[in-house]
Amino acid sequence: MASAFSATAKFAQPLPLNTTSSARSQDKLSPPALFDPFRTSSSAATSPFLGSTRQLLCKSNRPLSHRRSSSSSAVVAISDVKQKKPKSSSNLLITKEEGLELYEDMVLGRSFEDMCAQMYYRGKMFGFVHLYNGQEAVSTGFIKLLTKDDSVVSTYRDHVHALSKGVPARAVMSELFGKTTGCCRGQGGSMHMFSKEHNVLGGFAFIGEGIPVATGAAFTSKYKREVLKEPNSDHVTLAFFGDGTCNNGQFFECLNMAALWKLPIVFVVENNLWAIGMSHLRATSDPQIYKKGPAFGMPGVHVDGMDVLKVREVAKEAIGRARRGEGPTLVECETYRFRGHSLADPDELRDPAEKAHYAARDPISQLKTYMFENKLVNESELKAIDKKIDELVEEAVEFADESPVPDRSQLLENVFADPKGFGIGPDGRYRCEDPKFTQGTAQV
Amino acid sequence: MWGIVGQRACRHGSSAMSLQGTRPVIHALRSFSTAAKEMTVRDALNSAIDEEMSADPKVFLMGEEVGEYQGAYKITKGLLEKYGPDRVLDTPITEAGFTGIGVGAAYHGLKPIVEFMTFNFSMQAIDHIINSAAKSNYMSAGQISVPIVFRGPNGAAAGVGAQHSQCYASWYASCPGLKVLAPYSSEDARGLMKAAIRDPDPVVFLENELLYGESFPVSAEVLDSSFCLPIGKAKIEREGKDVTITAFSKMVGYALKAAEILSKEGISAEVINLRSIRPLDRATINNSVRKTNRLVTVEEGFPQHGIGAEICASVVEDSFEYLDAAIERIAGADVPMPYAANLERLAVPQVEDIVRAAKRTCYRSSSLAATA
């Protein structure tokens with residue numbers, strides 16, 4: 001288990017009792033280059049942890065700075081490793097095909113979300129819409145490593161998770177328009193993307209609600225293998241959630257039970273530093289979320305969530321660990337959302353300098369730069385992908401536009417898997433057997 | 001206690017329900033066979049869960065103290081020894097967490113039985129019961145069904161105070177996507193528990209702590225391992241013609257006692273055991289009211305927005321012309337449950353309250369004595 005995460009960002013292992021410092025003793029496991037969070041490097045790819053908070057720290061002399069420097073763990077950022085190695089393709093992190101796949105997935109996520117914004121302002125989409133711009137590296141980095149049987153559980157910011165997992169763009173767009181051809185027939189909406197075929201288990205509006213559900217899905221994987229004796233049942237579940245959720249009780253309850261029962265789950269924190277207008281630092285006593293893993297007996301890893309290659313490396317290890325039956329992992333991805341919390345959020349509280357700082361680290365541009373520098377692709381191939389995705393998204397919008405709205409009779413459908421659950425009608429027969437059951441008003 | 005023999009005779013004679021295509025077990029029994037065996041509700045539940053777990057390996061049990069402690073109320077006694085710790089899971093005290101884990105497992109086709117030590121603790125997990133269990137089949141348009149059972153004791157026990165005595169029937173019964181069951185006798189407990197475990201939808205199974213130790217006669221048919229009761233059908237425990245009394249769970253026993261007292265005074269009361277709170281068997285209730293023209297609803301929970309309120313509304317909507325008197329609602333007192341024994345007795349309906357209410361609907365008493 002020793003060197004699993006050594007090539008990447010900060011990590012913390014569960015330590016035996018009677019140690020107080022979080023990771024000093026782990027130094028021997030990784031190369032000795034220490035990462036000083038306050039030292040800026042020349043390459044844009046490395047950056048201090050909680051970048052924007054440097055300003056806050058300078059202003060308010062919080063004890064946080066003391067704590068961080070005393071507990072900085074041994075770290076080598078992937079980009080440092082890259083700079084040291086010669087530029088030969090055999091040492092690269094991805095092949096050309098993988099690179100194109102990652103690029104296409106991130107561009108799909110970005111274009112789709114941009115199109116959602118357009119459609120919302122044109123009135124075709126309504127209600128709550130939460131966009132994922134800027135966080136594509138996390139979704140692509142993790143989900144592209146999964147098989148079809150693995151499950152993904154997300155929050156309300158779930159469009160791109162569903163797309164990465166394989167739900168067709170036209171199904172997601174129709175769902176957002178509220179049409180009957182949507183992935184949930186228009187009954188779920190933006191915040192409730194479900195797909196049984198692709199094992200997307202939602203889409204939950206309450207933060208923290210998806211975490212126990214994901215833990216249950218992981219439990220099923222283990223149960224099927226051990227009790228039902230299905231030998232190939234090793235599917236892994238990923239739970240995506242944000243920094244605000246990490247203060248919620250359900251999160252801790254599930255860290256406990258997942259570690260206790262060694263469930264095949266990876267808890268992925270998309271720490272974008274803001275929960276609507278509440279800064280992570282104002283809400284959390286110890287903002288370094290990855291440290292909460294070892295408290296429950298699982299490794300906690302922090303990774304730069306704006307770099308898809310680093311995320312992918314960490315994801316490989318974490319998913320591999322879960323698949324081998326070694327238990328859960330907590331991965332904290334430091335990332336950023338370029339837009340507001342939702343399309344209704346005026347987004348006034350965030351510092352424009354912070355936004356600019358992260359906009360400069362756009363994951364799509366970073367991947368492009370990496371692929372060009374390593375001569376994996378040329379301009380025209382990427383442009384072809386861009387064009388293809390544009391057409392795909394436009395076609396999805398057309399499809400959604402032309403799709404019909406649900407019939408009135410769909411209102412009462414799908415409440416129960418066993419429709420007799422509506423009870424007995426006045427004529428003594430089950431209500432659902434009445435042919436006029438779903439017509440008319442909703443009175444049951 | 002109304003014997004099983006008498007009950008069969010009643011059903012034979014009743015023309016109120018004629019369901020086509022429902023389980024034939026109800027109509028099959030015509031012979032009043034051997035002397036009825038007695039079984040406690042606790043044993044009924046234990047045997048039902050045991051049989052369903054042995055029949056389907058996907059069924060598993062999860063809750064606090066269900067394993068090594070043999071169950072906080074000994075309902076799950078012996079199951080850990082029989083099925084092992086992989087299928088009978090003792091959880092940490094994390095209702096929200098383990099309820100959610102049960103729901104997540106149900107998404108993938110397992111059939112969890114989640115036990116709450118009492119339904120008061122389900123409030124810590126109610127987000128998962130409602131939002132991720134009840135609504136999922138709808139939100140996913142039928143892709144993901146949740147075959148989960150939430151069970152545990154509900155309602156007042158004896159002297160346990162305000163935070164351990166609330167009845168959650170009306171809370172859960174108002175939520176679409178859930179099925180809510182409340183058994184009374186051992187036959188109800190066995191049949192409804194088996195139906196709930198086999199059901200593909202989330203079921204809230206409200207037991208009663210004080211009923212666990214009570215014995216009821218059960219026929220051989222009930223003891224059969226494929227015995228199941230239909231969800232959504234009420235049972236007429238006692239036929240009558242003057243006033244209808246509806247009740248569920250422990251109040252059915254009180255209603256039956258009240259009916260005995262009333263029969264000595266010349267009032268023939270029909271007692272309906274609701275069995276299923278959601279879906280409510282409005283057909284049976286309305287047919288009964290159309291026969292007797294008077295209604296008394298009995299429940300243990302708080303009166304406002306309770307089960308009685310829903311039954312009143314249903315009867316007023318469907319059988320208004322048939323009512324000869326205002327509907328009487330008997331419910332618990334509109335206060336958090338007090339601790340002192342005498343106050344607790346005042347806060348919960350007693351048999352005398354039901355008798356008084358029934359007499360009021362028959363215009364036999366003119367006093368406006370407050371219902372308890």
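Reader: Which residues gather in a patch of negative charge on the surface?

Author: Bear in mind that this is a predicted model. The patch brings together A:D390, A:E394, A:E398 and A:E402. Of these, A:D390 sits in helix α15 of chain A, residues 379-402.

Reader: Why is A:D390 called partly exposed?

Author: Its relative accessibility is 45%. Exposed would need over 50% and buried under 20%, so A:D390 lands in between and counts as partly exposed.

Reader: What makes A:E104 and A:K388 a salt bridge?

Author: Their side chains meet at 2.9 Å, N to O. The cut-off is 4 Å, so the pair qualifies. The two are 284 residues apart, with A:E104 in helix α4 and A:K388 in helix α15 of chain A.

Reader: And A:D307 with A:K310, how do you know that they meet in a salt bridge?

Author: There the N to O distance is 3.9 Å, which is within 4 Å, so this pair counts too.

Reader: Is A:D307 buried or exposed, and why?

Author: Buried: A:D307 has a relative accessible area of 4%, and the label applies under 20%.

Reader: What about chain B: which parts does the salt bridge of B:R360 and B:E328 tie together?

Author: That bridge is 3.0 Å, N to O. B:R360 lies in helix α15 (residues 351-361) and B:E328 in strand β14 (residues 328-330), so it ties together parts 32 residues apart in sequence.

Key
Residues numbered from 1 in each chain as written. Chains lettered and ligands numbered in written order. Predicted model: local features only at pLDDT ≥ 70, side-chain atom pairs only at ≥ 80, totals over all residues. Heavy atoms only, no water. Patch = residues over 30% accessible without salt bridge, like charges linked within 9 Å, V, L, I, M, F, W, Y side chains within 5 Å. Areas by Shrake-Rupley, 256 points an atom, 1.4 Å probe, with all protein chains shown as cover. Lys, Arg positive; Asp, Glu negative; His and termini not counted. Charge placed at Lys NZ, Arg CZ, Asp CG, Glu CD. Helix = DSSP H or I, 4+ residues; strand = E, 2+ residues; numbered from the N terminus. Buried < 20%, exposed > 50% of the residue type's maximum accessible area, 1.4 Å probe, protein only.
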